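Hello, everyone. Please have a look at the model on the screen, and then we will walk through it.

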Amino acid sequence: MITGSSYSRWIFMALIAGVILLLVLPKILAPYYLGLAVKMMIFALFAMSLDLLIGFTGMASLGHAAYFGLSAYATGLLALKLGWNVWLALPAGLIMSGLAAVLFGLLALRTRGSYFLMITLALSQLMWGIAFGWRSLTGGDDGLPNVPRPDLGIGLSMADGVNFYYFVLLIAAIAAVLMVRIVASPFGYALRGIRESETRMLALGYNVWLYKFSIFVMAALFAGLAGVLYVYYNRFVSPDYIHVARSAEVLLMVILGGAGTLIGPAFGAAIIVLFENLISAYTERWVMLMGFIYLIVALFAPNGIAGLIRDYRDKRASS
Amino acid sequence: MNFWVLQTLNGISFGMLLFLLASGLSLIYGLMKILNLAHGSFYLLGGYAGLVVVQKTGSFVLAVFVATLAIVVIGVLMERFLLRRLHLQEMPQTLLTFGFLFIFSDLAMLIWGSNPETVPKPEMFSQSVQIAGFIYPSYRLFIIGFGLVVALLLWWIQDGTRIGAMIRAGVDNEEIARSLGINVSLLFTLVFALGAFLAALGGVMGGPIMGVFPGADFEVLLLGFVVVIIGGLGSLKGALIGGLIVGLLDNFGKVFFPEFALFTIFAPMALILAVRPTGLFGRE
């Protein structure tokens, strides 16, 4: 039997091993797979940001791609058309996501449950419609190609895959630590309280709306950060960034990994990115295959991998 | 003047199609608390199935029957074997119905390719008619009348029949309805089938004017959601009024601001949310 303290020691050691692995990865992987690892990190960040809403606060958003895509467009356009460097274009992207979240949060937070889900979906699809329709600015369906890699102004070329990997790793790591700090803070515990019972938190004197609004905007900022990294990674942005299919994809990552654990959705993201990469290389019918993944997760792992591990542990402990 | 009348009629006829879609979405949610994201697929597959039947037999009436029946079968299988296991589990339901949206959209792409198709109009309504100096396609007028008839029928079912009373009981309190001996499980299947039927009907009827094309499933799903956000989930009246509002706004939006068409439905949706978060006729 594993005791609580030895269990947390295992986790700590796994964490150290994970950090070391991430640091030496460029020495191990071929450039193509290093690029894939970058994509995994970006989506891990994106999935963790949605977990703040779904897993910790119980707010089921199906429009999270709006913030991912809006910042990607803002950063992409500013870098492409005005030649802004990363120090200006990245904050501008975040501001774009943040402003959208303030506006959409004011609307969506008037509701909860299924209405919230529909409204977040509708708002993000409207943004998709604008990205799709406003051809003169966004290039419409064709998107915006040739977005430059970030220019740090310190002589490090981001065209180099290894440099770019460390750039993304640094930013994703900072964001991950911030998110862990958020959920471990009294603020984070209040969010869990809201997830369990809004009325009880109201009775305890918490300003529930303000908590929900704050985390909604924060989650959008982290999603926006992922979007900025992704546009620099792909050097391209298109309406697909905002489409509900992307919102659903990140939802799948969160549920597959296990909502409310942060680390789970990060793994969920890595698995889905890897899987999509594999199946899209072998078959044109990868959309359908992904559809079946949704069904399988919904039916057999609704609490994700984290849930399966928990069940297994409980069974071991009771037998 | 002429322009306004024509565009208004276009908007109303599109609104009627949205009503068909949204009423099913709304009914299903009202009773089962399922937000069926695959509803857009029912519309799309209904349209394609109708297309096949019209091409093979030339009969639009037959197309309506075969296409809706096919989609009802799909819907019943989905409900009986899969959705049922996830009763009241919002996240898994969302993933499941989204999975179907993906699968059906790819299936449609596989079978019918990526070119937009148009279902031929029924012979009887293939011409335009002249009323009070206006020339207008008779098919669109037919859709408006047809939509009204469906609305009245649904109303009668809901308020005037035994089944309707059972559904209302199930909506109000599922547990008590069960304890009164109402077969709620059968009602679930019936209502899901009815919703699938209405969406497929929208797909076939809309085929001649809106066309069937890849992506139509996502497009109508969004519009259907906006309709129920404006009209209120679980309300027939809301689906009808909301459908007409969105149909008109979408139509005029596309005419006046083609690049920002969706914005014309965004503004009123935001307004309704600010004033009445559960929609015009939704319940708290």
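In what order do the elements of chain B run from the N terminus on? The order is α-α-α-α-β-β-α-α-α-α-α-α-α. Here helices are DSSP runs of H or I with at least four residues, strands are DSSP runs of E with at least two, and both are numbered from the N terminus. That gives chain B eleven helices and two strands.

Some ground rules. This is a predicted model, where local features need pLDDT of at least 70, side-chain atom pairs count only at pLDDT 80 or more, and totals for chains, interfaces and linings use all residues. Residues are numbered from 1 along each chain as its sequence is written, while chains are lettered from A and ligands numbered from 1 in the order in which they are written.

Let's stay with chain B. Its radius of gyration is 19 Å, close to the 19 Å that the globule rule gives for 284 residues, so chain B is as compact as a globular protein of that length. The radius is taken over C-alpha atoms, and the rule is 2.2 Å times the number of residues to the power 0.38. Along the principal axes, the C-alpha atoms of chain B fill a box of roughly 60 × 45 × 35 Å. Of the 284 residues, 52% are buried. Buried means that 20 or more other C-beta atoms lie within 10 Å of the residue's own; exposed means 12 or fewer; partly exposed is in between; the C-beta atoms are placed from the backbone.

Now contacts. Two residues are in contact if their C-beta atoms, placed from the backbone, lie within 7 Å. Take the contacts in chain B with a separation of 6 or more: residues 24 or more positions apart account for 74% of them.

One helix pair in chain B. Helix α9 (residues 216-231) and helix α11 (residues 263-275) of chain B pack at about 35 degrees, with axes 9 Å apart. Axes are lines fitted to C-alpha atoms, for helices over the stretch in contact, and angles run from 0 to 180 degrees between N-to-C directions. Which residues make the contact of α9(B) with α11(B)? From α9(B) come B:Val226, B:Ile229 and B:Ile230. From α11(B) come B:Ile265, B:Pro268, B:Met269 and B:Ile272. By class, that is seven nonpolar, no polar and no charged residues. Nonpolar covers Ala, Val, Leu, Ile, Met, Phe, Trp, Tyr, Cys and Pro; charged covers Asp, Glu, Lys and Arg; the others, Gly among them, are polar.

On to chain A. Chain A has 14 helices and two strands. A compact globule with 319 residues would have a radius of gyration near 20 Å, and chain A agrees, with 20 Å. The box for its C-alpha atoms is roughly 60 × 50 × 40 Å, along the principal axes. In chain A, 46% of the 319 residues count as buried.

Look at helix α2 (residues 31-57) of chain A. α2(A) packs against α11(A) at about 75 degrees, with axes 9 Å apart. These two helices are therefore roughly perpendicular to each other. That label covers 65 to 115 degrees; under 35 is roughly parallel, over 145 roughly antiparallel, and the rest oblique. Among the contact residues are A:Phe43 and A:Phe46 of α2(A), and A:Val250 and A:Met253 of α11(A). The classes here are nine nonpolar, two polar and one charged.

Next, two residues with a positive phi. A:Asn146 is not a glycine, yet its phi is about 65 degrees. A:Asn146 sits in the loop between β1 (144-145) and α7 (161-184) of chain A. Is A:Asn146 buried or exposed? A:Asn146 is exposed, with 9 other C-beta atoms within 10 Å. A:Arg235 has a phi near 55 degrees, also positive in a residue other than glycine. Find A:Arg235 in the loop between α10 (208-234) and β2 (236-237) of chain A. A:Arg235 counts as partly exposed, with 16 C-beta neighbours inside 10 Å.

Finally, where the chains meet. The contact takes 34 residues from chain A and 37 residues from chain B. Which element gives chain A's side its largest share? The answer is α5(A), with twelve residues. By class, the side of chain A that touches chain B has 26 nonpolar, six polar and two charged residues.
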